[in-house]
Amino acid sequence: MPEVEYTVDGAVQTITLNRPDKMNAFNRALHAALREALKAARDPEVRAVVITGAGRGFCAGQDLADRAVAPGDAPIDLGASIENNYRPLVCALRDLPLPVVCAVNGVAAGAGANVALACDLVIATRSASFIQAFCRIGLIPDAGGTFFLPRLVGSARAMGLALLGDKLTAEQAEAWGLIWKCVDDDAFTSHVDALLAQLAQAPTGGLAAIKRTLHASAGNTLDAQLALERDTQRVLGRSADYREGVAAFLAKRAPHFTGR
Ligand code: T3D
């Protein structure tokens with residue numbers, strides 16, 4: 001059974017983390033397969049990506065059974081795990097010039113929670129939850145957690161989540177602005193499908209630019225950001241999708257974007 005399954009339907013690539021008996025925890029094989037899937041998402045036919053989990057959980061973070069850390073064992077280099085696996089994963093999600101939706105179908109713990117937060121839109125079932133489990137085993141929130149948490153929910157809530165490792169329900173996560181939306185479990189699939197259909201028909205280059213510029217704002221001054229907006233709008237103004245959007249508006253018809 002492959003650790004990650006991916007399929008393309010129309011312009012939507014669906015990536016499923018597939019170790020359900022281990023709550024889709026990350027081992028080396030799952031990391032490698034996920035990297036492969038995200039590479040495949042660069043196919044020009046793909047215009048939106050969704051990542052979800054098989055079974056009742058989304059992802060329980062690092063597979064702790066992979067770690068030989070009994071007292072007396074030689075210490076292991078977790079830095080290498082971050083450098084070779086989690087860092088490239090978060091960068092791949094951020095750098096993909098497409099909207100990436102994380103469809104959190106159940107618990108998202110440890111790096112599983114933060115990989116979700118590295119995606120562009122997070123939608124979760126009402127029964128899902130988010131757990132910064134790292135403090136329970138003497139680690140810090142990785143996979144971008146120390147970056148995303150304070151930016152998304154502010155430092156008081158970020159500290160509380162990271163220091164206490166309590167379960168945050170999807171409903172609370174939405175109320176706090178940690179995720180985009182929490183929806184009833186029985187409406188989840190149809191909600192996710194509709195979201196993906198909308199994104200896949202949108203002006204893909206424009207969405208990629210929105211993603212890039214919003215992310216860039218975290219490290220920019222206002223002046224630098226205004227310059228980036230000018231330069232980005234200059235490029236987008238030359239695109240076929242911009243011309244189509246304006247023409248469709250003026251003709252009072254639905255636009256047909258090609259992603260170019
Ligand atoms: O090491 C490095 O590379 C550094 C990077 C670290 C990144 C990290 O992610 S560190 C944090 C690791 N994750 C955790 O600490 C979370 C551990 N899991 C849990 O707290 C709970 O399992 C959950 C809250 C996720 C789910 O709880 P529950 O009660 O719904 O399910 P369960 O019964 O605990 O788990 C179901 C099965 O999945 C179970 O296996 P079994 O007994 O049926 O054979 C359980 O052992 C397994 N499982 C869950 N999480 C992990 C796991 N197996 C390995 N690693 C896991 N992280």
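Where is Phe26 found? Phe26 sits in the loop between S2 and H1. The model described here is predicted, so local features need pLDDT of at least 70 and side-chain atom pairs count only at pLDDT 80 or more, while totals for chains, interfaces and linings use all residues. Residues are numbered from 1 along each chain as its sequence is written, and side-chain values use heavy atoms, with hydrogens and water left out. The labels for helices (H or I, at least four residues) and strands (E, at least two) are DSSP runs, numbered from the N terminus.

Back to Phe26. Its relative accessible area is 0%, and that makes Phe26 buried (buried means under 20% relative accessible area, exposed over 50%, partly exposed in between, with a 1.4 Å probe and protein chains only). Leaving aside neighbours within four places in sequence, Phe26 is in contact with a list of residues that includes Arg19, His31, Leu34, Cys59, Tyr86, Leu89 and Val115 (contact means heavy atoms within 4.5 Å). Phe26 and Ala111 are 85 residues apart in sequence, yet in space their C-alpha atoms are 8.4 Å apart.

Asn24 is not a glycine, but its phi is positive, near 55 degrees. With a relative accessible area of 0%, Asn24 is buried.

Now for the rings. A search of the whole structure turns up two aromatic pairs (rings of Phe, Tyr and Trp, the last by its six-membered ring, pair if their centres lie within 6.5 Å; planes under 30 degrees apart count as stacked, over 60 as edge-to-face and the rest as tilted). One of them joins Phe26 to Tyr86, edge-to-face, with 5.4 Å centre to centre and 80 degrees between the planes. Phe26 lies in the loop between strand S2 (12-17) and helix H1 (28-40) and Tyr86 in helix H2 (residues 78-95), so this pair ties together parts that are 60 residues apart in sequence. Tyr86 counts as buried, at 2% relative accessibility. Phe147 and Phe148 also form an edge-to-face pair, with 5.7 Å between centres and 90 degrees between the planes. Phe148 is buried, with a relative accessible area of 5%, whereas Phe147 is partly exposed at 37%.

Next come the strands. S2 is mostly covered, with five of its six residues buried. On one hand, S2 pairs with strand S1 (residues 4-9) in the antiparallel sense over six bridges (strands pair if DSSP finds at least two bridges between them). The hairpin of S1 and S2 has two residues between the strands, and there Gly10 takes a positive phi near 65 degrees. On the other hand, six bridges join S2 to strand S3 (residues 48-53), and these two run parallel. Gln13 of S2 is the bridge partner of Val8, and in S3 the bridge partner of Gln13 is Val49. S2, H1 and S3 together make a right-handed β-α-β unit (right-handed if, with the strands pointing away from the viewer, the path from the first strand over the helix to the second runs clockwise).

What about S7? Four of the five residues of strand S7 (residues 121-125) are buried, so to speak mostly covered. S7 runs parallel to strand S5 (residues 100-104), joined by four bridges, and Val101 has Leu121 of S7 as its bridge partner. S7 also runs parallel to strand S10 (residues 181-183), this time over three bridges, with Val183 of S10 as the bridge partner of Thr125.Finally, helix H10 (residues 240-250) has Asp241, Glu244 and Ala248 as its buried residues. Seen down the axis of H10, these fall within an arc of 60 degrees, so they line one face of the helix (the arc is that of the directions from the helix axis to the C-beta atoms). Helix H8 (204-217) is included in what covers them. On the other side of H10, Arg243, Phe249 and Leu250 are exposed. Just after H10, Lys252 takes a positive phi of about 55 degrees.
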